Amino acid sequence: MQLSKQLNLNKRQSTLLACIVLSIIVCAVVLTGFLYDEDRIASNLEVRNAAPSFDHFFGTDWLGRDMFSRTIMGLSLSIGVGLVGAIGSASISIILGVIAATMGKVADSIVTWLIDLFLSVPHLVSLILIAFAFGGGFKGIVFGIALTHWPSLARVIRSEVMQVRSLDFVQVSRKMGKSRWWIAKEHIMPHIVPQIIVGILLLFPHAILHEAAVTFLGLGLSPHEPAIGIILSESMRYLSVGMWWLAFFPGICLLIIVRMFDKIGDNLRMLIDPHHAHR
């Protein structure tokens, strides 16, 4: 906020600047994690159990692996899982939301019942069951995220589509003989695309945290992967001997990344909201 005041930016410009800065930070974390190779997290027993220092910013673990490299690689892996899961969940939301709003009362009642059913069950419980049913690992956790995080966005898309359908220009297009496909492509989709983008970004924090939670419980990613959930799970047995850095730095970095995605989503929502866009 102080920077935006110094640059004499209005609320829209400062929000856009915040989105750009946060996006650059997240992209840097992802690219760094993918560019790292396995040698950076190789075991080195000569420096095992080392506290944070200039040589090892986040310290080392009981095998001498650099915790900074493991944390960065784990964050990029979690972001990748969250991206695939969020896109899959958003796809389900779009399909069911459009069906509910355009296919009549029977379809609307069925989709609404499904939304209420999934919202009545805690995400984590259904995610664990679905991930276990699909055999765990990357496939299980992605399917679990995609099949459990769609209801809220589907409800938003359903309401948006129903609102757009009632607008005058849509009614005029129908009277002119335009097909449902043409109306959906030319009128409905351009209005719901911003909601979809914001919805995907807001799904990220939940997807990443739930992936870490399920992996922490041993039902998510493989133990051989440098995932944040695995790092936190492994560190639990060493906290009692004073190796606090094994859990502190990965945990706080995960929360920072989640908060960044949450902030980007909120900022984008503010940018597309006509009540806030030009203030």
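Trainee: Which residues does UniProt annotate as "transmembrane region"?
Mentor: The unreviewed UniProt entry gives residues 15-36, 72-101, 188-209 and 242-261. UniProt positions follow the numbering used here, feature names are shortened, and annotations may be inferred rather than shown by experiment.

Trainee: And where do the numbers and the model come from?
Mentor: This is a predicted model, and residues are numbered from 1 along each chain as its sequence is written. Local features need pLDDT of at least 70, side-chain atom pairs count only at pLDDT 80 or more, totals for chains, interfaces and linings use all residues, and side-chain values use heavy atoms, with hydrogens and water left out.

Trainee: Back to those spans. How much of residues 15-36 is helix?
Mentor: That stretch is 95% helix and 0% strand. Its end C-alpha atoms are 32 Å apart. Helices here are DSSP runs of H or I with at least four residues, strands are E runs of at least two, and both are numbered from the N terminus.

Trainee: What about residues 188-209?
Mentor: Residues 188-209 are 100% helix and 0% strand. The end C-alpha atoms lie 32 Å apart.

Trainee: Which residues does UniProt list for the domain?
Mentor: The unreviewed entry lists residues 75-265 as "domain: ABC transmembrane type-1". In the model, that range is 81% helix and 0% strand. Its end C-alpha atoms are 19 Å apart.

Trainee: New topic. How many salt bridges are there?
Mentor: The structure holds six. A salt bridge needs a side-chain nitrogen of Lys or Arg within 4 Å of a carboxyl oxygen of Asp or Glu.

Trainee: What does arginine 65 pair with?
Mentor: One partner is aspartate 61, at 2.7 Å, N to O. Another is glutamate 234, with the closest N and O atoms 3.9 Å apart. Arginine 65 is in the loop between helix 2 and helix 3, and glutamate 234 is in helix 10 (residues 228-235), so this pair ties together parts 169 residues apart in sequence.

Trainee: Are arginine 65 and glutamate 234 buried or exposed?
Mentor: Both are buried. Buried means under 20% relative accessible area, exposed means over 50%, and partly exposed is in between, using a 1.4 Å probe and protein chains only. Arginine 65 has 14%. Aspartate 61 is buried too, at 0%.

Trainee: What else does arginine 65 do? Which ring does its charged end sit over?
Mentor: The ring of tryptophan 62, 5.4 Å from its centre. To count, NZ of Lys or CZ of Arg must be within 6 Å of the ring centre and within 35 degrees of the ring normal.

Trainee: And where does arginine 70 come in?
Mentor: Arginine 70 forms a salt bridge with glutamate 234, the closest N and O atoms being 3.4 Å apart. Arginine 70 is in helix 3 and glutamate 234 in helix 10, 164 residues apart. Both are buried. Shared partners join Asp61, Arg65, Arg70 and Glu234 into one salt-bridge network.

Trainee: Now the aromatics. How many pairs?
Mentor: The structure holds 10 aromatic pairs. Rings of Phe, Tyr and Trp (its six-membered ring) pair if their centres lie within 6.5 Å; planes under 30 degrees apart count as stacked, over 60 as edge-to-face and the rest as tilted.
Mentor: Take phenylalanine 57 and phenylalanine 68: centres 5.8 Å apart and planes at 80 degrees, so they are edge-to-face. Phenylalanine 57 lies in the loop between helix 2 (11-35) and helix 3 (67-102) and phenylalanine 68 in helix 3, so the pair ties together parts 11 residues apart in sequence.

Trainee: Which geometry do tryptophan 244 and phenylalanine 249 have?
Mentor: Their centres are 5.7 Å apart and the planes at 45 degrees, so that pair is tilted. Tryptophan 244 is partly exposed at 47%. Phenylalanine 249 is buried at 16%.

Trainee: Which residues form the aromatic cluster?
Mentor: Phe57, Phe58, Phe68, Trp244, Trp245, Phe248 and Phe249 form one cluster.

Trainee: Last stop, helix 5. Which residues are buried there?
Mentor: In helix 5 (residues 123-133), Ser126, Leu127, Ile128, Ile130 and Ala131 are buried. Their cover includes helix 6 (137-148) and helix 9 (180-216). Just after helix 5, glycine 135 takes a positive phi of about 85 degrees.

Key. Contact means heavy atoms within 4.5 Å.
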